[in-house]
Amino acid sequence: MENRTEVTQFILLGLTNVPGLQIPLFVMFFLIYLINVVGNLGMIMLILLDSRLHTPMYFFLSNLSLVDLGYSSAITPKVMAGLFIGDKVISYNACATQMFFFVAFATVENYLLASMAYDRCAAVCKPLHYTTTMTTSVCAQLAIGSYFCGFLNASFHVGDIFSLFFCKSNTIHHFFCDVPAVMALSCSDKHISEVVLVFLSTFNVFFALLVILISYLFIFLTILKMHSAQGHQKALSTCASHLTTVSIFYSTVIFMYLQPSSSHSMDTDKVASVFYSMVIPMLNPVVYSLRNKEVKNAFRKMVEKANFSVGLGF
């Protein structure tokens, strides 16, 4: 008969047990997280303070920055604590909470990217009707719907995973409480849970991807009908940052979650997880700021105001 002693805490194995790598990895993740926090908070503040950025595109971008900051903050501080002070223990409730917020914010990002694709489609395909199509009400509904789907999806996942019995081991072969890694510890019949995981992940990813692909199909058909090279360039530059973010995000998500947990290689998953949980949230504000003249101009204007204010103080 299986021992079903109640698990009250888990042990995160982390990225590596090699002592010489702990501090270098801590420094690297600290710098990544610092750039992430400064970049995403900076983007949110820039959009809030500059009235020229009060448009649907930047409304969604500010929400994307908030979400990136959210799901990275659910993971990175605990990883850094494990590397710096060796704190690898996480309580049962803290593990469930970490998983909930990570899944919620990652799912919200999934639907925000779909909403942003629809916004770009409206801007390129029907520019004269853009202001009547992407009204404040429509933008708010799309954002609220994204958050609702994200937190609902997280509730399903966490409820499903933490209804299982954990009696074999409490050692998670990962650096955070990711769904496949925690599910692998269960001694219950995981077949239904795996089906639920793959079904929900597939539905969320492919529904959002379908919206994105259809939006870009209309965008590219519209671009082909344009006769001026300037029109081509403007339309493509409008979508370039979003396409870059979509490509990076979905390639990693599809690799990670659209396969049964039994076929996962935990070491490979760790590398992929570092990328989507820490690197992608850091890259998004960089991608959007480097390729966007409006963001650059808003930043330049804010710096000039700050310098002027400092000059008045002396």
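The exercises below concern one histidine and the aromatic pairs of a predicted model.

Residues are numbered from 1 along each chain as its sequence is written. In this predicted model, local features need pLDDT of at least 70 and side-chain atom pairs count only at pLDDT 80 or more, while totals for chains, interfaces and linings use all residues, and side-chain values use heavy atoms, with hydrogens and water left out.

**Exercise 1.** Locate His174 and determine whether His174 is buried or exposed.

*Solution.* Step 1: His174 is found in the loop between β3 (171-172) and α7 (179-183); helices (H or I, at least four residues) and strands (E, at least two) are DSSP runs, numbered from the N terminus.
Step 2: The relative accessibility of His174 is 1%, so His174 counts as buried (under 20% relative accessible area; exposed is over 50%, partly exposed in between; 1.4 Å probe, protein chains only).
Step 3: Beyond neighbours within four places in sequence, the contacts of His174 (heavy atoms within 4.5 Å) include Leu12, Asp269 and Ser273.

**Exercise 2.** Classify the aromatic pair of Phe26 and Phe30.

*Solution.* Step 1: Rings of Phe, Tyr and Trp (its six-membered ring) pair if their centres lie within 6.5 Å; planes under 30 degrees apart count as stacked, over 60 as edge-to-face and the rest as tilted.
Step 2: The whole structure holds 18 aromatic pairs. In one of them, Phe26 and Phe30 lie 6.2 Å centre to centre with 20 degrees between the planes, and the pair is stacked.
Step 3: Both residues belong to helix α1 (residues 19-49), four residues apart, about one turn of the helix.
Step 4: Phe30 has 41% relative accessibility and therefore counts as partly exposed.
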